[in-house]
Amino acid sequence: MRAEAVRCLDVSMATKSVGWSSPSEKMKLKSLLLRYYPPGIMLEYEKSGQLKTKSIDLLDLDPSTDVSALVEEIQKAEPLITASRSDQVKLLIQRLQNKLGQHSNHKFYLFKVLRAHILPLTNVALNKSGSCFITGSYDRTCKLWDTASGEELHTLEGHRNVVYAIAFNNPYGDKIATGSFDKTCKLWSVETGKCYHTFRGHTAEIVCLSFNPQSTLVATGSMDTTAKLWDIQSGEEVFTLTGHSAEIISLSFNTSGNRIITGSFDHTVTVWEADTGRKVYTLIGHCAEISSAVFNWDCSLILTGSMDKTCKLWDAVNGKCVATLTGHDDEILDSCFDYTGKLIATASADGTARIFSAATRECVTKLEGHEGEISKISFNPQGNRLLTGSSDKTARIWDAQTGQCLQVLEGHTDEIFSCAFNYKGDIIITGRGEIDLINSAFLSIGC
């Protein structure tokens, strides 16, 4: 069981990555917090008068893990977890085990249909808790909504063209970023709807964006072949990431926030240092446009999807391709890891989705039932359910182990282009994008 405990343990900084402190640097543990998805413990500590945070990731934790042995291994690896804290850590891990044993078996029902915008939606996004969500639109606005009441809280106006890319700064959820075809990105207050900054510098449409985990930077990707990093506090451009020869359509930070990945129509994916803007390496191997590019939680692997009908797994340390995931008969439109990084899901224009094991690289199961291309796929936080959105006007919920379709979410009158779970996995939002007089966002609540 000791070997399993060692495998479970992965200590990483949740703020900026730093090395171990010297003996002269005093660190004082202030509090321990649980993180359910993926399982882990957050440590708040004081160092040199500053409050910092780091996490102990327990990605392999399961209900049968020997908690005493695991706590011993944690104490050996993490100086902040002293003997006096061992009982508290044991209780936290036992609570995590209990949570992991509670499988999500929600049956979803249609909760609200919101007449969101007078022109098509481009995207939808939930905050971490699911208490509110945002919609972007061709009407040049982003709207903020209260999930429970369906009340419109704010209309974020100011862009001069389509609002295409939108995001909350989760887990904080107090800011919103919007990227537009007007070549600008705007930063907004969730509380007041006020625009803090307008980021100018791109020479073509902004089509993707992402906050770093610390919510100090927002990154934008553009049709001008560049990505830019912006300082949230000052509103100034920090770096321009140049090197792609075609549009950047996918962009995300890794969990620690020290690296950023960009996927391009030039068939390549590039990894950059977020602190310096330096190119680390370029992933070359796909023979068509990139559709998605993401890190797994522990930042050891990168998953890329392409219009060449394949996904590839890459070693995030050296940039080497370790596997090519095949089987689809048409373009890969979306791909993702589950929270722990154990499973991979792929969605294709061939109307099917597949689940692969990240360890064996083998296809675990095939999801069949949609009658049109699948443009979006995501795991619930518990990792036992998958959500897909399709051009057949439905979203479906699947068992991630068996591939069985558990529920068909119907009601849309056009293709579903965006869908997502909230952090608890008990709320789903779906959006459609037909050019129509009124477009809808559907909210489904688990029971």
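Author: Let's start with Ser 86, which is found in helix α3. Keep in mind that this is a predicted model.

Reader: Why is Ser 86 called buried?

Author: Its relative accessible area is 13%. The cut-off for buried is under 20%, so Ser 86 qualifies.

Reader: Val 71 is in α2. Which residues of α2 are buried?

Author: Val 67, Ala 69, Leu 70, Val 71, Glu 73 and Ile 74. As background, an α-helix has 3.6 residues a turn, so residues three or four places apart point the same way.

Reader: What makes Asp 66 a cap for α2?

Author: A side-chain oxygen of Asp 66 lies 3.2 Å from the backbone nitrogen of Ser 68, at the N-terminal end of the helix.

Reader: Which residues touch the most other members of the largest nonpolar core?

Author: Ile 41, Leu 58 and Ile 93, out of 18 residues in that core. The elements β2, β3, β4, α2 and α3 each supply at least two residues. Ile 93 has contacts with Ile 41, Leu 58, Leu 61, Val 67, Leu 70, Val 71 and Ile 74, again setting aside neighbours within four places in sequence.

Reader: On to Phe 253. How do you know that Phe 253 is buried?

Author: Same test: a relative accessible area of 10% is set against the cut-off of under 20%, so Phe 253 is buried. The residue lies in strand β18, residues 248–253. Beyond its neighbours within four places in sequence, its contacts include Phe 211, Pro 213, Leu 217, Ala 219, Ile 260 and Phe 295. Ala 219 is 34 residues away along the chain, yet the two C-alpha atoms are separated by 8.6 Å.

Reader: What makes β8 and β9 a pair?

Author: Four bridges join β8 (residues 142–146) and β9 (residues 152–156) in the antiparallel sense. Pairing takes at least two bridges, so these strands pass. Lys 143 stands opposite Thr 155. Five residues sit between the strands of this hairpin, and Gly 150 takes a positive phi near 75°.

Reader: And why are β26 and β29 called edge strands?

Author: Four strands form an open sheet, in the order β26-β27-β28-β29, with antiparallel pairing. β26 (332–337) and β29 (363–367) each have a single partner strand, so one side of each has no neighbour in the sheet. The twist averages 15° from one strand to the next. Within the sheet, five bridges join β27 to β28, and Ala 347 has Ala 353 as its bridge partner in β28.

Reader: Where does UniProt list "repeat: WD"?

Author: The unreviewed entry lists several spans, among them 114–155, 241–282 and 325–366. In the model, residues 114–155 are 0% helix and 60% strand, with end C-alpha atoms 14 Å apart. For residues 241–282, the figures are 0% helix, 52% strand and 12 Å.

Terms used. Residues numbered from 1 in each chain as written. Predicted model: local features only at pLDDT ≥ 70, side-chain atom pairs only at ≥ 80, totals over all residues. Heavy atoms only, no water. Axes fitted to C-alpha atoms, helices over the stretch in contact; angles between N-to-C directions. UniProt positions renumbered as here; feature names shortened; annotations may be inferred. Core = buried A, V, L, I, M, F, W, Y, C linked by side-chain atoms within 4.5 Å. Buried < 20%, exposed > 50% of the residue type's maximum accessible area, 1.4 Å probe, protein only. Contact = heavy atoms within 4.5 Å. Polar contact = N/O pair within 3.5 Å; in protein donor to acceptor, adjacent residues only side chain to side chain.
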